[in-house]
Amino acid sequence: MLAGLAAGSAALCALRLRRPGCAGAHREADAAEAAMAVGMAGMAVLPGAVWGWLFTVLGGALVLGAVAGRAGRVHRLHHGVGALAMAYMALAMATSPAAPAHLHHAAPGVPGATGTPMGLPALTGLLLLYFGGYTLWAGSRLLSVPGAAGGATGMEGGTVRACRVAMGIGMFAMLLTL
């Protein structure tokens, strides 16, 4: 279900890239959100070290862009944190001595389940707080979309915000599996 949600978010972001007048910071944000959603969908289905290294490079580039750039710094930094969190999750899963796929999360008594956490619990906790807070903040903004009563701008803004909420929920859910 998470892979489907992320794939749907990726499709919406890709469609927004094709709209007339999409340029500059909006285009960059849509492209970054589409890349994150594709990666999240892929990670939910096929976790592995390759995803970890790809997201490490993407996250590093986004964080450096946020530090060096002037416009869109906060949003770019958020995407950098997201990409680095996905790298952390992918590498933690890939280096875990646990059984195949997500079996280490299974209840005790399930054959092959280890019940041991992956990654660093303190870092996982900080990321859970960040993405939980981000999702609540983005959700509160979704409820106050200006012009939602019928204008195209309100509808488009609502779609963007809904994608952000969906991605925040997805990141939170994936972090819970660690």
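**The nonpolar patch and the helices around it**

In this predicted model, Leu120, Leu123, Leu126 and Leu129 make a nonpolar surface patch of about 420 Å². One of these residues, Leu126, belongs to helix H5, which spans residues 121-142. Leu126 has a relative accessibility of 55% and therefore counts as exposed.

With a relative accessibility of 14%, Thr135 counts as buried. Its contacts, apart from neighbours within four places in sequence, are with Val165, Gly168 and Ile169. As to confidence, H5 has the highest mean pLDDT among the elements of the chain, at 94, while H2 has the lowest, at 77.

The largest nonpolar core has 26 residues, of which Met43, Met86, Met89 and Leu178 touch the most other members. Two or more residues of this core are supplied by each of helix H1 (2-17), H2, helix H4 (73-95), H5 and H6. H4 provides the largest share, namely 9 residues. The surroundings of Met89 illustrate the packing: leaving out residues up to four places away in sequence, Met89 touches Met43, Met171, Met174, Leu175 and Leu178.

The structure holds 1 salt bridge, formed by Glu33 and Arg164, whose closest N and O atoms are 3.2 Å apart. Because Glu33 lies in helix H2 (residues 24-45) and Arg164 in helix H6 (residues 152-176), the pair ties together parts that are 131 residues apart in sequence. The two partners may also be described by their accessibility. Glu33 is buried, with a relative accessible area of 6%, whereas Arg164 counts as partly exposed at 22% relative accessibility.

Finally, a word on confidence along the chain. The average pLDDT is 78, and 76% of the residues score at least 70. Over residues 148-153, however, pLDDT stays under 50, and the model has 1 contact beyond four places in sequence for this stretch. Where pLDDT is low, the predicted coordinates should not be read in detail.

How values were computed
Residues are numbered from 1 along each chain as its sequence is written. This is a predicted model: local features need pLDDT of at least 70, side-chain atom pairs count only at pLDDT 80 or more; totals for chains, interfaces and linings use all residues. Side-chain values use heavy atoms; hydrogens and water are left out. A salt bridge is a side-chain nitrogen of Lys or Arg within 4 Å of a carboxyl oxygen of Asp or Glu. Helices (H or I, at least four residues) and strands (E, at least two) are DSSP runs, numbered from the N terminus. Buried means under 20% relative accessible area, exposed over 50%, partly exposed in between (1.4 Å probe, protein chains only). Patches are made of residues with over 30% relative accessible area and no salt bridge: like charges are joined within 9 Å, nonpolar side chains (Val, Leu, Ile, Met, Phe, Trp, Tyr) within 5 Å. Accessible areas come from the Shrake-Rupley method with a 1.4 Å probe; for residues, only the protein chains shown count as cover. A nonpolar core is a set of buried Ala, Val, Leu, Ile, Met, Phe, Trp, Tyr and Cys residues joined through side-chain atoms within 4.5 Å. Contact means heavy atoms within 4.5 Å. pLDDT is the predictor's confidence in each residue, from 0 to 100.
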